[in-house]
Each structure stands twice: as C-alpha cells, then as structure tokens.
Amino acid sequence: PGGGRVFSGIQPTGVPHLGNYLGALENWVSLQHRYPSVLYSIVDLHSITQPQDPARLRSNILDMAASLLACGIDPERAILFQQSKVSEHAELSWILGCLTSMPRLRHLPQWKMKSKQRSEGSVGLYTYPVLQAADILLYKSTHVPVGEDQVQHLELAQDLARIFNNNYGDLFPEPRALLSSTRKVKSLRDPSAKMSKSDPQAMATITITDSPDDVALKLRRAVTDFTSEVTFDPETRPGVSNLVTIHAAVASISAEEAVTQARGLDTGAYKKLVTDAVVQRLTPIREEIERLRSDPAHLEAVLARGNRRARELAAPVLGEVRQRVGF
Ligand code: ADP
Ligand code: NA
C-alpha cells in the first residue's frame, strides 16, 4: 500500500465471537502495521436502530473496547473511538442522505434482513447504510475492510462519494473494499449457517471470553457426521471441516497442515486437539479482557483520547463539506 487511510466499524453488541475474531478482528490488527493511518470505531449510533437498553449499551461499549484492545488493537497505531462522541458522523449522514434516493436503499441487506424480523423497521434502520457511508467518508478513508455481506453497503459509500464530488466539486476519494479473508466460521450446531451472535443456541457460538471448560463443552457437542476420519471437505462434510477451519485459524496453519496433525485421530479425539488450540489462542485474550474490564476508567480514558483524535480529523472535513453545500 504505502499510503492510504483505513476505516472500519463494529457495533457494540457485547463480547465478539470466534467468527468475528478470526473473520474480521485478526485482520484489523494486521492492517495497523500495513497502513499509515487507521481508524476503528465502536459504532454505537448504529446499534440503536432497533429497540435497545441504555444500561446494556453503556456496558457493551466498554466490553467492545476491552475486547478490541485485548485482541491487539493498539491505540498508539490506530485511532480507537466511539462514533456517537464525534457528532460530525450524524451531520454528514444527514447531508449524504439528502443525496440518496429512497429506492437506492430499499434493496440493501441491512433493511432486507432486519426489517423482516419486525413488522416495521425504523427510519434509522432504513438509512443505516447512509450513516455507514458518512463514517467512511468523514475521514476521507481510502480502504475499508469489509465482510462479503457488507460489499453492497460499501458500494453505496462509493456512489455517495461520486455524487457529492459531482455536485460540489472533488472532495472524497472513492473508498476501496479490502475483502477480509473469505474465512467463514460456521455455527457449531448447524454448519450450514455462519457462527453468529444472533444464533439463539448458546452451544453454537464460541465467544472470545469463553472459559476452557465452555470451549471444551461446545466443541464436544459440535455437529459432525458418521465418518470418524478427519478430512477437509466443506461441501460434503461441513461440520468436521468447520473444526479444521477453526483449528487452522487459531494455530495459524493451513487447512492441509491441520488435517495432517489430525491423522490417526477420530473426530472425538480431534475435538480435544482443536479445544487445546482454541484455548491456547483465547486464554491471553480472555485474561486481558478481564483485566481491562476491571478498570472502566482506563477504558473510558483510552476512548476519550481516540474520540479527540477522531474529532480533529473529522472537523476540518465537515467544515469543508458545510462550505461546499452552502451553509
Ligand atoms: P454477526 O453475524 O455475529 O452479527 P457481525 O455482522 O456484527 O456479526 O460481523 C462483524 C464482523 O465479523 C464482520 O466483518 C463480519 O464479516 C465478521 N463475521 C461475523 N460472523 C462471522 C463468521 N461466522 N465467520 C467469519 N467472519 C464473521
Ligand atoms: Na450480522
């Protein structure tokens, strides 16, 4: 790369699960070393689009801050901040919303998925991707790590950069997607679905603060099949292949190497090997989260500094936007 600015956000929905860590956060950590400017935001404005509990939200924000730091986000390298504390996000979102048509938003995944669960969705849920575009453009970000499920939202940000530039003169670079590893961790109970925090089955998801006993129990109960040998074939053997994916990811080896290590083991014995690998990887993270979580004032201070640094970048960009718009 050489230059460029990375922006990404994560909702404060409690402690991340193994899929979030291996599919996104691990990549966030490595991007800190590859780009000169990196911003990671706990996007709390995005988490009030559906009914929510204020005390829970407050606690979830600190859980996420502790989790990100424990996973390796370095507040000296990355600006780690809380979205709602930088009011420029909301203001730019309004301005960009005025450049967006209703039909442009109707088919985006956030609305299609979540509005179905409820009889009606909020206006905030509908315009959620506009706020995401504002998050990105506010810092003139050039690179955005996203999962495949977010590609359409990034396309909106690209469109809005272009539309703004056409209307008001060049200001925003068109942000590019950095497709994070296509690695997908599957549900332990239903390997045809991805591991997700919204899975109602507790046994389906490993969170990064699970105790070694919890990890062992969940992996013991993980769905496999009637073949005892360990092979990697996600199409025909999704359950055991998910274990291989997890093993390979936490041990930083390839799937082939993981299968080699499993030679001679049946799936039951392999689950123990995978448990050890997961526990080894998660233990320092879990301990660090506990340590950080016991000192909320420190976490708040880390965020306050990030918020200040983010505001310093955001304010002049929004000032320029206001000027161009005619305010
Ligand atoms: P969830 O599906 O649990 O609600 P999010 O949608 O909040 O998770 O995703 C946060 C980040 O974690 C995204 O970058 C997403 O691509 C990644 N992610 C979520 N679930 C998985 C998974 N099972 N495997 C790999 N990456 C995942
Ligand atoms: Na999701």
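Helices (H or I, at least four residues) and strands (E, at least two) are DSSP runs, numbered from the N terminus. This is a predicted model, in which local features need pLDDT of at least 70, side-chain atom pairs count only at pLDDT 80 or more, and totals for chains, interfaces and linings use all residues. Residues are numbered from 1 along each chain as its sequence is written, and chains are lettered from A and ligands numbered from 1 in the order in which they are written.

Around ligand 1 there are 16 residues (a residue is near a molecule if its C-beta atom, placed from the backbone, lies within 6 Å of it). The closest are Gly19, Gly23, Ala24, Gly147 and Lys197. Helix 1 (residues 18–31) gives the most to this shell, with 4 residues. The shell divides as follows.

| Class | Members of the class | Residues in the shell |
|---|---|---|
| Nonpolar | Ala, Val, Leu, Ile, Met, Phe, Trp, Tyr, Cys, Pro | 4 residues |
| Polar | the others, Gly among them | 7 residues |

Helix 9 (residues 238–251) has 11 of its 14 residues buried (20 or more other C-beta atoms within 10 Å of the residue's own, C-beta atoms being placed from the backbone). Its buried residues pack against helix 1, helix 10 (255–261) and helix 11 (267–293). Just after helix 9, Ser252 takes a positive phi of about 55°.

How values were computed: Buried ≥ 20, exposed ≤ 12 C-beta atoms within 10 Å, placed from the backbone. Contact = placed C-beta atoms within 7 Å.
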